[in-house]
Amino acid sequence: MKSIILAIFAIMVVTSAVESQVWTTEINMHPSYNVNDFFSIAIGNGGNLFITGYEGNASVSHLISTKISPSGQILWLKEDAAPTRITSFFSLATLNGKDKFVERYNVGTSHYLRFWSQNGDTLSTVSLPSRVMLGSYGDSVIATSIGNGSQGFIFDENGVMKTSFTAIPSGMTVYYADPRVLGDTLWLFGTCFSGGNNKGYISKVNLRTKAQLWTVIFTPVVSRAMGDIDLNRNAYIGMTAQINGMWVFRMVRVNSNGDTTWTKDLAPNGSTDANQENFVNGLRVSTAHDRVILVGSSERDFLSNTPNSAGYVLARRLNGDSIQAFKVVHDSTAKLNPIQALTFDSAGNLFVLGKSFFQVGATYGWVKRYPLSLLTGVSGNQNNIPEGYVLYQNYPNPFNPKTKISFSIPKSGFVRLTVYDILGREIETLVAEKMTAGMHEVGFDGKNLASGVYFYRLDTDNFTETRKMMLVK
């Protein structure tokens, strides 16, 4: 096990300005229920948003889901037909190429996966041996448990468990195990108990050999940690860390060897919020847009019983440079308006999911769409020119049948991106045109191809590189 002591960097302060959203949509469920929790959000076909959670009261509760269009229109809103007592709900994952979602929920001490379609119909339900967090693994779903160590489980699209493995060995108490997969490598992000306190960690596992490659445990005391990876296999973790007596949002990037390459702290809204419990509620990376985005909420207004409490959005370039930092305020008479999760689409639109919690009355959810500029860099620092040519590994890989290929070029010029089969025969030319300097992303659809190994090659005036990808049907 590899431990790293992190240096404390200068703390910045979030401006009190609130970024202007493009639209806000409120999600109101059954008015007689006073618990409506909206935990997870994902992008489906056509850029539609899918949001899941549960609603209920002291005696009964339902799973709920909704589909919202890219323009903010609620297309449908459904609750599970069979009422039960849902006690916990947290994870949502997509199954690539299968037009399905899978979620984890608890009923008492029992744990389940529910597979459902983009029409909101339940397809199957699977019993789990323990409480897990979910992630996507090609057209399958990967689940990682919490407790004494972490067990991993891989389920196919029908909920059949294909394999299990040890993600983190026993002896390390895991409170949170958020999985991310690139190729056949698994990264786990979360919190654990170490050295007498809660700490953030990243653990890396080879899914082919089931070997644990390394684990990094960060030294500050934390209350919550989440993470993501980029296509260069750098890992990013967002933590609510206690630094010099203040609770700050800390972001750290770790390279593929487990070495820290940068650490950035941000104290939300100055010392008042920083002295309260601040929760990281989501972190996502977009290599194509050169962004890592963290969302979180402060308990300050909850403790002082002040309406319109704020969440925060912190956006950085992948090299650590700051782009945006602003408060998210949802106008209501609610006691607390925390941010729950985030996602963004391929065009660079950011979607933030939150809920408004009342002491009296039903909780309701909301989702806000934020400007393209947060990811594309239309505002703020314009210097986003790559230093060199890079052809990234396609994602997802293996894929079925669609995948994305990203590359960066440091200057304008003619670019050709071509796909070949294992015999070297040209399958498809994806790009053959003059392109501007920057990062670019291209989709590839192998629906008419057989399963197997394929290659894609980037050619410019000064650079040629080829990478391998796997189509599995």
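**Strand pairing and aromatic rings**

Author: Happy to! Strand E29 (residues 350–356) runs antiparallel to E28, and 5 bridges join the two. This is a predicted model, where local features need pLDDT of at least 70 and side-chain atom pairs pLDDT 80 or more, while totals for chains, interfaces and linings use all residues. Residues are numbered from 1 along each chain as its sequence is written, and side-chain values use heavy atoms, leaving out hydrogens and water.

Strands are DSSP runs of E with at least two residues, numbered from the N terminus, and two of them pair if DSSP finds at least two bridges between them. Within E29, Leu350 is the bridge partner of Phe344. The open sheet here has 4 strands in the order E3-E30-E29-E28, with antiparallel pairing. Strand E3 (23–27) and strand E28 (339–344) are its edges, each pairing on one side only. From one strand to the next the twist averages 20°, taken between axes fitted to C-alpha atoms, with angles from 0 to 180 degrees between N-to-C directions.

Now for the rings. Rings of Phe, Tyr and Trp (its six-membered ring) pair if their centres lie within 6.5 Å; planes under 30 degrees apart are stacked, over 60 edge-to-face, the rest tilted. That rule gives 11 aromatic pairs. For Phe50 and Phe101, the centres are 4.6 Å apart and the planes at 40°, so this pair is tilted. Phe50 sits in strand E5 (residues 49–56) and Phe101 in strand E9 (residues 100–107), 51 residues apart. Together with Trp76 and Trp116, they form one aromatic cluster.
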